[in-house]
Amino acid sequence: MELSPVFREKIWAGRALSRIYSGARPYKTGEALFAPDTGGEGSVILNGAHKGRDFIQLVRRHGAAMLGRGMAAAHNGVFPVLVKVIDCGEKLSVQVHPDDKAAKKAGLKSGKTEFWYILGAEKKSWLLLGFKRRISSGEAAKLAEAGFITAVLKRCNTKKGEGYFVPAGTVHSLGPSNLVLEIQQNSDVTYRLYDWGREKSSPDRRPDIASAIGAVKAITAGRRIAAAKKKGTFIRSMASCEFFRVKEAVLKKGGVIQMDKTPPLMVFAAEAGASLLWQGGNMALKKGAVVFVPAAPGRFSIKSRTGTRLIITELR
């Protein structure tokens, strides 16, 4: 099932999404969401027997068939993963997401652990990920209130093909000129610590330091995963946690990879040129396409007409 994007306008948006998706507006559309289950507009199925139907509503009705009985019951009808493409024309706020325990204490359905895959970056692109040293909540609060929280955060120069695992509780930010694929828990909860002065002219962007400090963890498993140097056709694991497992599939021209259809998958085409093939059907993937593969016995194939890359997420 190929899914339609849901666009969100952002003050920091660039123009990359408008070059990938019809309907995205340059310097307006900052995010393209696939399978959001947080209320509001949802993804529509673009092909197959369920073409035109709302994806999340279909999951509500047929969760056991789509996710498997165990996973459907564990998530109580909520689709567990959100896929998002982020176009950073300018810096994003310095922020943090709570873990499940902190989120539920605040009356929210879940926290937000995420993974970033760098789809594109310029020579001086960067991001912030976690503290340089152990820091107390009191010190973090004072630094945030003074506007100096970035001084104690680790800065990483970004490159195309890298991954970054961002567990809940990790303070982070994306810098300008990054195009990022984000795999995350299907939650929309974000607490800002600092917004580079934008809060002065946009009151709705004021930091929520008290909530943020309650969610911050001094040390997390946040980490960088280097871009692959291997050539040819291969698949590698990039990140794994209790919520999802992310793999990168790299295929040379004519390359083929066999995949199991259990557990259910979300497949993202980082580049054009790949096709999915299964018994009785096939689907060509354009750049930026997101496809849901339901849980089912058996296997399917990924075949490349040209050199290409896919990001494959196993749901948990």
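Predicted model: local features only at pLDDT ≥ 70, side-chain atom pairs only at ≥ 80, totals over all residues.
1. Tyr27. This residue sits in the loop that runs between strand S1 (6–9) and strand S2 (29–34). Tyr27 is not a glycine, yet its phi is positive, at about 60°. Is Tyr27 buried or exposed? Its relative accessibility is 52%, and the cut-off for exposed is over 50%, so Tyr27 counts as exposed.

2. Ser177. Ser177 lies between strand S9 (172–174) and strand S10 (178–185), in the loop. Its phi is near 65°, and Ser177 is a residue other than glycine. With 27% relative accessibility, Ser177 counts as partly exposed.

3. Overall fold content and dimensions. The protein has five helices and 21 strands. Its radius of gyration is 19 Å, close to the 20 Å that the globule rule gives for 316 residues, so the protein is as compact as a globular protein of that length. Along the principal axes, the C-alpha atoms fill a box of roughly 60 × 40 × 35 Å.

4. What share of the 316 residues counts as buried? The figure is 54%. The protein exposes about 14,300 Å², and carbon and sulfur atoms supply 50% of that area. Take the contacts between residues at least 6 apart in sequence: 73% of them join residues at least 24 apart.

5. The largest pocket: volume and lining. The largest pocket has a volume of about 380 Å³. Its lining has 24 residues. Which of them lie nearest the centre of the pocket? They are Lys10, Glu31, Ser93, Gln95 and Thr190. By class, the lining of this pocket has 12 charged residues, six polar and six nonpolar.

6. The largest pocket: which strands contribute. Four strands each supply at least two residues of the lining: strand S3 (81–88), strand S5 (114–121), S9 and strand S11 (191–194). The largest share comes from S9, with three residues. S9 is also the strand on one side of the loop that holds Ser177.

7. The cavity. How many cavities of 30 Å³ or more does the count give? The count comes to one. About 40 Å³ of space lies in the largest cavity. Its lining is made up of Ile20, Tyr21, Leu119, Phe268, Ala269, Ala270, Lys287 and Gly288. By class, that lining has six nonpolar residues, one polar and one charged. As for the approach behind such counts, rolling a probe the size of a water molecule over the atoms shows where empty space is left.

8. Lys154. This residue is in strand S7 (residues 153–157). At 39% relative accessibility, Lys154 counts as partly exposed. Leaving out residues up to four places away in sequence, Lys154 touches Leu127, Leu128, Leu129, Gly130, Phe131 and Lys132. Leu128 is 26 residues from Lys154 along the chain, and the two C-alpha atoms are separated by 5.5 Å.

9. Arg224. Strand S12 (residues 223–225) holds this residue. Arg224 has 44% relative accessibility and counts as partly exposed. Which residues does Arg224 contact, leaving aside neighbours within four places in sequence? They are Glu162, Gly163 and Tyr164. For Glu162, 62 residues away along the chain, the C-alpha separation from Arg224 is 7.2 Å.

10. Thr313. Strand S21 (residues 308–315) contains Thr313. Is Thr313 buried or exposed? Its relative accessible area is 1%, and buried means under 20%, so Thr313 is buried. Its contacts, not counting residues up to four places away in sequence, are with Ile183, Phe244, Arg245, Val246, Pro264, Leu265 and Met266.

How values were computed:
Residues numbered from 1 in each chain as written. Heavy atoms only, no water. Buried < 20%, exposed > 50% of the residue type's maximum accessible area, 1.4 Å probe, protein only. 1 Å grid on protein atoms, 1.4 Å probe; cavity = no way out; pocket = protein on both sides within 12 Å on 5 of 7 lines; lining within 4 Å. Points joined across faces, edges and corners; volume = space filled by probe spheres on them. Nonpolar A, V, L, I, M, F, W, Y, C, P; charged D, E, K, R; others polar. Rg over C-alpha atoms; globule rule 2.2 N^0.38 Å. Contact = heavy atoms within 4.5 Å. Areas by Shrake-Rupley, 256 points an atom, 1.4 Å probe, with all protein chains shown as cover.
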